[in-house]
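Subject: A structure for you to look at

Hi,

Here is the structure I promised to pass on.

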Amino acid sequence: MQNDDAESRAFLIAYELIEQYGDDVADYLQAKIDEAMASGDHHKMSAWFIIRNAVTLTLHASSNKSH
């Protein structure tokens, strides 16, 4: 159950970031990942990777709808 909650939260964040940053969302996410990596915060880095995957899946699904 906890994994489902985390996954749902990742997708909600993904939608918000796509809406907020649009075409620049990948750059924003990479900056957050780099920041977490530089600080040695592996938990935060992992969270940003999960969110980046959710963004990728969301954008991919969205592009498939238009084809």
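Helices here (H or I, at least four residues) and strands (E, at least two) are DSSP runs, numbered from the N terminus.

Before going on, a word on where this comes from. The model is predicted, so local features need pLDDT of at least 70 and side-chain atom pairs count only at pLDDT 80 or more, while totals for chains, interfaces and linings use all residues. Residues are numbered from 1 along each chain as its sequence is written, and side-chain values use heavy atoms, with hydrogens and water left out.

**The overall picture**

The protein has 3 helices and 0 strands, in the order α-α-α from the N terminus on. Its C-alpha trace spans about 40 × 30 × 15 Å along the principal axes. Of its 67 residues, 22% count as buried. Buried means under 20% relative accessible area, exposed means over 50%, and partly exposed is in between (1.4 Å probe, protein chains only).

**Helix H2**

H2 covers residues 25-39, which is 15 residues. From first C-alpha to last it reaches 21 Å, close to the 21 Å expected at 1.5 Å a residue; the expected span is 1.5 Å times one less than the number of residues. Which residues of H2 are buried? They are Val 25, Leu 29, Ile 33 and Ala 36. These four sit on the same side of H2, because they cover an arc of only 65° around the axis (the arc is that of the directions from the helix axis to the C-beta atoms). On the other side of H2, Asp 27, Ala 38 and Ser 39 are exposed.

Lys 44 belongs to helix H3 and is partly exposed, at 42% relative accessible area.

**The aromatic rings**

Rings of Phe, Tyr and Trp (its six-membered ring) pair if their centres lie within 6.5 Å; planes under 30 degrees apart count as stacked, over 60 as edge-to-face and the rest as tilted. By this rule there are 2 aromatic pairs. Tyr 21 and Tyr 28 are stacked, at 4.2 Å centre to centre with 15° between the planes. Tyr 28 and Trp 48 have ring centres 6.0 Å apart and planes at 80°, so this pair is edge-to-face. Since Tyr 28 lies in H2 and Trp 48 in H3, the pair ties together parts that are 20 residues apart in sequence.

Tyr 21, Tyr 28 and Trp 48 form one aromatic cluster. Are its members buried or exposed? Tyr 21 is partly exposed at 27%, Tyr 28 is partly exposed at 22%, and Trp 48 is buried at 13%.

**The largest pocket**

On a 1 Å grid over the protein atoms alone, a pocket is an open set of points where a 1.4 Å probe fits, with protein on both sides within 12 Å along at least five of seven lines; lining residues have an atom within 4 Å of a point. The volume of the largest pocket is about 320 Å³, counted as the space filled by probe spheres set on the points, which are joined across faces, edges and corners. Its lining has 13 residues, and Ala 6, Ala 10, Ala 47, Ile 50 and Ile 51 lie nearest the centre. H3 gives the most to this lining, with 7 residues.

Enjoy exploring!
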